[in-house]
Amino acid sequence: MRFFVDTLSLGITQGAVFALIALGYTLVYGIIELINFAHGDVFTIGAFIGLNLIALFGMQTWSPALLVPGLILLFAVTMALNGLLGMAIERVAYRPLRNAPRLAPLITAVGMSFFLEGVLYLVRGPNQIAYPNLFPSGSVSLGFASVGLTNLVIVAVTVVLMVGLHQFIQRTRVGRAMRATAQDRDAARLMGININRIIAITFFIGSALAAAGGIIYGFYNESISFDLGFRSGLIAFTAAVFGGIGNVVGASLGGFIIGLIIAFSTSYTSWGLQWADVIVFSILILVLVFRPTGLLGMRVPEK
Amino acid sequence: MALLEVDGIDVFYGRVQALRKVNLTVDEGEIVSLIGSNGAGKTTTLRAISGLTPPSSGQIRLRGQDISRTPAEVIVGKGVGHAPEGRRIFARMTVRENLDLGAYIRRDGQTRADLERVFTLFPRLKERHGQLAGTLSGGEQQMLAIGRALMSKPQILLLDEPSLGLAPILVDTIFQVIQDINKSGTTVLLIEQNALKALAVAGRAYVLETGRIVKEGSAKALRESPDVQKAYLGI
Ligand SMILES: Nc1ncnc2c1ncn2[C@@H]1O[C@H](COP(=O)(O)OP(=O)(O)OP(=O)(O)O)[C@@H](O)[C@H]1O
Ligand SMILES: [Mg+2]
């Protein structure tokens, strides 16, 4: 039982990170039908921005009383900076290709991914870099098992971000404009929606969420490296496809499910992490073949 | 000064020229109809006016102000409402959300009254306000497309084949509503394949053939013109 709960908690916690990244893939795909291959590296950069801010303000030594507002500020500032980075990438790499054939921005996205990874390599080198965990350590006992406090806080933060995103998209004027743009760009323009602005906002939000995922990844794994976004990005992309690309709830769900699959397949078999990846990408292929719309793909017909 | 002046515009899709030196004017309060067979360039004319496919030469003026290079999302704020070909409603949103999007540019806080007006014109939309637009019938979707365009409180409403694919009884309803909308002060530029109906509600009309205006005049004169009767009225 203890082992099962540990695995469950590992899966959900890792799944939270995948979900936060997957949201960025799905939001961007939903709006401009681009698979933003650079998104995994934007996630890595988010993790590094967080690390730099922690070091800059010496947050490791802050008293617990200061730490709560400090953490909120850390997330907010990191997310905002990474959001601006996402907007900048869209502005220089994708917007000029808005009316080009679909393959052009896709290739540009791959190029952007290599570029960002290269820059990270140059700046931070090839090694694993230690990351402090500022979330409470300790654990809560459930009698038959115990769950790490860090895990609980991670899930709580992730759920708050997801619910916030969902409310934003469903309830606000800009959120409605995002959905309109995703469904019919010309019709959205006829409503007075500035498409470029909405796309920029979408990149901002996706990159900001990835930054939150980056900090969380750092806290949980206590180390990061320049090429972190490659594997995490691919897995999160699988989660987005699994949930139904373009669907926000699907991406969240997909992230958690993929996290659980990886955790259980590594804990309950002796196959190791490489095999977990094989399983994940087999899922990607099976979904693409048998249910391309994913778990929660669009069901309402477009007449 | 005319409300809308289209002054010698050329429009291209890539290398294909869809409009050649098209001229037309619409005065405040009129219903003007644009008729022509498939591929004549009717839709393109409306898309040029609302900014979706800007002309490569010529000018489009709204109350004398040049809007030929103004982006579509800005033109709607200047008083041009467009219910486009194929309706283009947001299928995965509710009726109410579609109507709210129609009022996206409004900052005057008076949209409640316009919503009531749309619901009065189309009681069916009121009944179905919470339903996903993609599940509406074709006729209801057309009502929604017109209602959505009205929510921006346009001075001129561009309608692209509002009667297409509707049952005859619904066609009459739609044409009645178009007249009601016009009576309450909205100028209308109407595209129709159903030329008979269009010429019945319009004051003036233009005939478009392969990208050129080939005839214009009062609706009455066009109804009586042998050419028009033969080509478009099936008489
Ligand atoms: N997106 C496009 N790309 C290339 N050519 C186009 C495009 N849209 C329209 N055309 C061409 O421009 C011409 C005018 O088309 P338009 O849609 O304006 O005609 P229409 O009068 O509205 O016809 P219909 O009655 O069938 O709606 C046609 O020859 C058409 O093939
Ligand atoms: Mg047409």
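**Around the metal and its neighbour**

Modeller: Let's start with B:Glu85, which is partly exposed at 38% relative accessibility (buried is under 20%, exposed over 50%, partly exposed in between, with a 1.4 Å probe and protein chains only). Keep in mind that this is a predicted model, where local features need pLDDT of at least 70, side-chain atom pairs need 80 or more, and totals for chains, interfaces and linings use all residues. Residues count from 1 along each chain as its sequence is written, chains are lettered from A and ligands numbered from 1 in the order written, and side-chain values use heavy atoms, leaving out hydrogens and water.

B:Glu85 matters here as a metal ligand: its OE and the OG1 of B:Thr43 coordinate the magnesium ion, ligand 2, at 1.9 to 2.3 Å (donors are N, O and S atoms within 2.8 Å of the metal, or 3.2 Å for Na, K and Ca; water isn't among the atoms, so a site may look incomplete). B:Thr43 sits in helix H1 of chain B and B:Glu85 in the loop between strand E6 (80-83) and helix H3 (95-102), so the pair ties together parts 42 residues apart in sequence (helices, H or I, are DSSP runs of at least four residues, strands, E, of at least two, numbered from the N terminus).

Now the polar contacts (N or O pairs within 3.5 Å). Oxygen atoms of ligand 1 lie 2.7 Å from a side-chain N or O of B:Lys42, 2.9 Å from a polar backbone atom of B:Gly41 and 3.3 Å from a side-chain N or O of B:Glu161. Taken alone, ligand 1 exposes 630 Å², and the protein buries 62% of that (Shrake-Rupley, 1.4 Å probe).

On confidence, chain B has a mean pLDDT of 94, and 100% of its residues reach 70 or more (pLDDT is the predictor's per-residue confidence, 0 to 100). The complex gets an ipTM of 0.95 and a pTM of 0.93.

Conventions: A polar contact is a pair of N or O atoms within 3.5 Å; within protein, one must be able to donate a hydrogen and the other to accept it, and residues adjacent in sequence count only if both atoms are side-chain atoms.
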